[in-house]
Amino acid sequence: MANHNRRGGQAGEARRVVGIFFSTLALATVFSLLSDSVLRTSTVFLAVVVVIVIVLIGIISDIVGIATAAAEPAPLNAMAAKRTPGARQALRLVRNAPRAATIFNDLVGDICGTVSGAAGAAIIFHVSRTRPVFDPGLATVFLVSVIAAVTVGGKALGKSLAINRANDIVFRAGRVLWWLEERLGLVIFRDPPAARRGSRRGGGRS
């Protein structure tokens, strides 16, 4: 029985890793294609705005991932019992904290870091075509370094915010998930099996 459970756990872990691989591949492709299409057809100012947006998405995603791991479920349970919009979705985030951290910190955060650096290099290439005296190699190193510094610094500042205001941040993220469910029917996080069994035994749902 123990061997069977161990094999089942290994199979589940393998599926999770494969799922992360293909999810990363798909998201990175989408991010790269969108940013590349904008950078190719936009002005330098708009291209810089796109890079700033990508960096901000990475920082915010990292904050949400950390807050999910630090949040306390009791206040969210109370809000879910009152049927506050977004509370049930926030509670799902807390119950799926390891998966949420993988998605927000590793998947979205790392992809944004990679794409923002590539987008910065694309900006330098775009500028160097119109200004031949411009040194693209040195400028690329400088801009990518600045992007990396802003990203790391933003995430460092966001960590204390995520820990100190974890429940508030997770609830706001839950509101976004609630909107996606209500408007688009898109359910990203579901209750884990143990939580669903406990909810059925309790005769209700959170």
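Contact here means heavy atoms within 4.5 Å. We're working with a predicted model, where local features need pLDDT of at least 70, side-chain atom pairs count only at pLDDT 80 or more, and totals for chains, interfaces and linings use all residues. Residues are numbered from 1 along each chain as its sequence is written, and side-chain values use heavy atoms, with hydrogens and water left out.

**Exercise 1.** Work out which residues Asn 105 touches, leaving out residues up to four places away in sequence.

*Solution.* Start with the location: Asn 105 lies in helix 5 (helices are DSSP runs of H or I, at least four residues, numbered from the N terminus). Next, list its partners: Ser 61, Asp 62, Gly 65, Ile 66, Ala 100 and Asp 110. Then pick out Asp 62, whose side chain makes a polar contact of 2.8 Å with the side chain of Asn 105. A polar contact is a pair of N or O atoms within 3.5 Å; within protein, one must be able to donate a hydrogen and the other to accept it, and residues adjacent in sequence count only if both atoms are side-chain atoms.

**Exercise 2.** Is Asn 105 buried or exposed?

*Solution.* First, get the cut-offs: buried means under 20% relative accessible area, exposed over 50%, and partly exposed in between (1.4 Å probe, protein chains only). Asn 105 has a relative accessible area of 15%, so it's buried. Now try Val 44 in helix 2 (residues 44-70): at 34%, Val 44 is partly exposed.

**Exercise 3.** Sum up the whole chain: how many helices and strands does it have, and what share of its residues is buried?

*Solution.* Count the elements: there are eight helices and zero strands. Then take burial: of the 206 residues, 33% count as buried. Last, check the contacts between residues at least 6 apart in sequence: 77% of them join residues at least 24 apart.

Note on methods:
Helix = DSSP H or I, 4+ residues; strand = E, 2+ residues; numbered from the N terminus.
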